[in-house]
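The structure is shown first, and the points follow by topic.

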Amino acid sequence: MDNNNDLNVARQGFEGSLNKLQSDILLLGDLVIQAIKKSIHSLKTRNIEESEEVIKDDDNIDELETQIQVLCVELIRKEAPLASDLRRIVSALQIVDELERIGDYAEGIAKISVTMGKLIPINELVLIPKMAESSVNMLSRSLESYTLRDFSTCSNILEELRAKDKEINAMHKQVQKELLNTIKHDSAEGGEQATYLMWAAHNLERIADRSKNIAERSLFQVTGEIN
Amino acid sequence: MQKIDNQSITSSGSDENIIKFDQSNNILQCENLSVNYGETIAIQKVSMGIPRNSIVSLIGPSGCGKSTLLRCFNRMNDLIPQAKVEGSVKFFQNEIYSDKVDPTEIRFKIGMVFQRPNPFPKSIYENIAFGPKINGLTDNLDEVVETSLRRAAVWDEVKDRLNESALSISGGQQQRICIARALAVNPQVILMDEPASALDPISTQSIEDLIVELSSEVTILIVTHNMQQATRISDYAAFMLSGEDRIGRLIEYGTNEQIFGNPRDNRTEAYVTGRIG
Ligand SMILES: Nc1ncnc2c1ncn2[C@@H]1O[C@H](COP(=O)(O)OP(=O)(O)OP(=O)(O)O)[C@@H](O)[C@H]1O
Ligand SMILES: [Mg+2]
């Protein structure tokens with residue numbers, strides 16, 4: 001008797017839906033990562049059209065979020081999931097929420113860029129793009145953890161992201177310090193610009209934090225423990 | 001994702017997957033319980049404790065020995081000629097399979113409710129009064145009947161027709177009459193074998209509510225095929241499975257959260273998520 005086969009035959013449709021749920025979440029993750037990268041690129045290069053694209057594309061993120069939520073509710077209704085099935089659907093709902101919020105932060109950065117308009121750049125942006133790069137890395141790692149569903153890998157990734165999150169907090173403090181300096185000592189226009197950038201850095205710090213949350217939800221998917 | 005290797009299918013759950021309780025708090029405790037029907041070994045070496053005032057559900061695929069195990073707890077298997085029980089069952093530390101024990105007496109203390117409601121073809125009143133009468137408790141019979149029907153949450157529906165046949169009421173009401181009949185002799189445990197499987201959702205709900213309410217005074221061991229029902233009502237759940245050798249074994253026994261949230265044994269996981277069984 002081949003039990004693995006039995007498992008695949010029973011509830012095949014449900015299994016298929018769970019796989020679709022996962023690939024939809026990865027797709028959403030991709031859209032969000034693109035949004036962060038583009039928002040920072042447009043901020044750095046002062047490309048207003050590109051910023052506006054990010055703002056427009058956020059509708060796609062919201063729409064996919066809704067689709068995924070509808071699928072989760074439908075699976076709960078039809079399949080009365082338990083054990084690992086239940087954990088997969090619950091974590092999907094949590095992760096989709098985190099991703100949508102991260103998308104909003106990227107959109108927020110794009111909006112800041114639009115508001116800044118054609119202000120002359122005070123300095124070349126260095127630390128903020130660095131923060132963005134680290135946050136995007138954290139987000140990719142957290143999504144990797146989500147697909148792996150293995151206790152030791154997921155706990156290792158979570159540890160790693162907790163450490164990275166601290167690094168990003170430190171970078172954030174550094175950015176704040178530098179921008180405050182600009183506000184104090186630079187021209188009024190420079191001060192205005194620094195205030196906007198302050199918010200962009202804040203959004204990146206939040207993105208890192210929520211990526212760490214995704215790694216926590218991914219570990220929940222394995223352990224069923226909420227903490 | 002889940003993998004079950006062929007070797008493990010014929011083995012019991014490892015010992016650490018069977019929850020252990022403080023024995024002094026267990027109302028029932030079986031050790032190495034095996035039952036065979038002639039040549040057929042139905043269950044083998046089942047050991048488990050049932051804590052007082054808990055609701056424990058027994059789950060597992062058809063034929064894995066749930067009903068067989070349940071019947072061991074009040075010596076109901078004695079009534080099946082070819083059934084042979086080995087091992088020990090203790091009710092408050094006392095061996096119920098001892099020669100000194102009167103099985104009828106045990107069956108009053110440890111009552112049973114079956115899958116199909118089985119009221120006697122007598123009046124509702126007589127159904128409830130039957131046990132107390134046998135036990136010589138004929139004082140305040142009316143009161144005992146009323147209290148039992150109230151505890152079984154069926155009093156309001158039948159109070160005006162106590163002298164009508166118990167067969168003239170709905171299946172859900174008949175099942176609650178059977179629960180009232182078990183309660184009339186003040187049992188300490190009630191064994192239930194799929195008590196709601198023949199009922200509509202509303203009657204099922206009222207039986208479930210009743211079970212939860214009763215558990216403040218009575219310990220309940222219930223066999224169910226309905227995973228959602230088991231998660232809704234039980235404190236602990238025990239998963240049984242028979243392997244290729246068709247012998248039923250206890251695989252995993254743990255808290256509700258464990259069994260339906262994150263089972264330890266792959267076979268339990270496969271069963272509660274509907275991949276086997
Ligand atoms: N009276 C009997 N005589 C012979 N074999 C029996 C008898 N009762 C049960 N068995 C056998 O013992 C095994 C366990 O049966 P049991 O009724 O305990 O299973 P179960 O888990 O309650 O199944 P179900 O979910 O279908 O009620 C089965 O192989 C069954 O055929
Ligand atoms: Mg049965």
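H5(A) and H7(A) cross in a left-handed manner, a crossing being left-handed if the near helix is turned anticlockwise from the far one by less than a right angle, and right-handed if clockwise. The model is predicted: local features need pLDDT of at least 70, side-chain atom pairs count only at pLDDT 80 or more, and totals for chains, interfaces and linings use all residues, while side-chain values use heavy atoms, with hydrogens and water left out. Residues are numbered from 1 along each chain as its sequence is written, and chains are lettered from A and ligands numbered from 1 in the order in which they are written.

**Helix H5 with H7 in chain A**

- The axes of H5(A) and helix H7 (residues 188–223) of chain A come within 8 Å and cross at roughly 15°; axes are lines fitted to C-alpha atoms, for helices over the stretch in contact, and angles run from 0 to 180 degrees between N-to-C directions.
- H5(A) is therefore roughly parallel to H7(A), where angles under 35 degrees count as roughly parallel, over 145 as roughly antiparallel, 65 to 115 as roughly perpendicular and the rest as oblique.
- The contact (heavy atoms within 4.5 Å) includes A:Ile128, A:Met131 and A:Leu139 of H5(A), and A:Leu197, A:Ala201 and A:Lys212 are among the residues of H7(A).
- By class, this contact of H5(A) with H7(A) has 13 nonpolar, 6 polar and 2 charged residues; Ala, Val, Leu, Ile, Met, Phe, Trp, Tyr, Cys and Pro count as nonpolar, Asp, Glu, Lys and Arg as charged, and the others, Gly among them, as polar.

**Helix H5 with H6 in chain A**

- Helix H5 (residues 127–148) of chain A packs against helix H6 (residues 151–185) of chain A at an angle of about 165°, with the axes 10 Å apart.
- H5(A) is therefore roughly antiparallel to H6(A), and their crossing is left-handed.
- The residues of this contact of H5(A) with H6(A) comprise 11 nonpolar, 7 polar and 6 charged.

**Chain A overall**

- Chain A contains 7 helices and 0 strands; helices (H or I, at least four residues) and strands (E, at least two) are DSSP runs, numbered from the N terminus.
- The C-alpha atoms of chain A fill a box of roughly 75 × 35 × 25 Å along the principal axes.

**Helix H3 with H6 in chain B**

- Helix H3 (residues 124–134) and helix H6 (residues 171–183) of chain B have axes that come within 7 Å and cross at roughly 30°.
- H3(B) is therefore roughly parallel to H6(B), and the crossing is right-handed.
- B:Ile124, B:Asn127 and B:Ile128 in H3(B) meet B:Ile177, B:Ala180 and B:Arg181 in H6(B), giving 4 nonpolar, 1 polar and 1 charged residue.

- Of the 15 residues around ligand 1 (a heavy atom within 4 Å), B:Ser62, B:Lys66, B:Ser67, B:Thr68 and B:His225 come nearest.
- Polar contacts are pairs of N or O atoms within 3.5 Å; within protein, one must be able to donate a hydrogen and the other to accept it, and residues adjacent in sequence count only if both atoms are side-chain atoms.
- An oxygen atom of ligand 1 lies 2.8 Å from a backbone N or O atom of B:Gly63, and an oxygen atom of ligand 1 is 2.7 Å from a side-chain N or O atom of B:Ser67.
- A nitrogen atom of ligand 1 lies 3.1 Å from a polar side-chain atom of B:Gln82.
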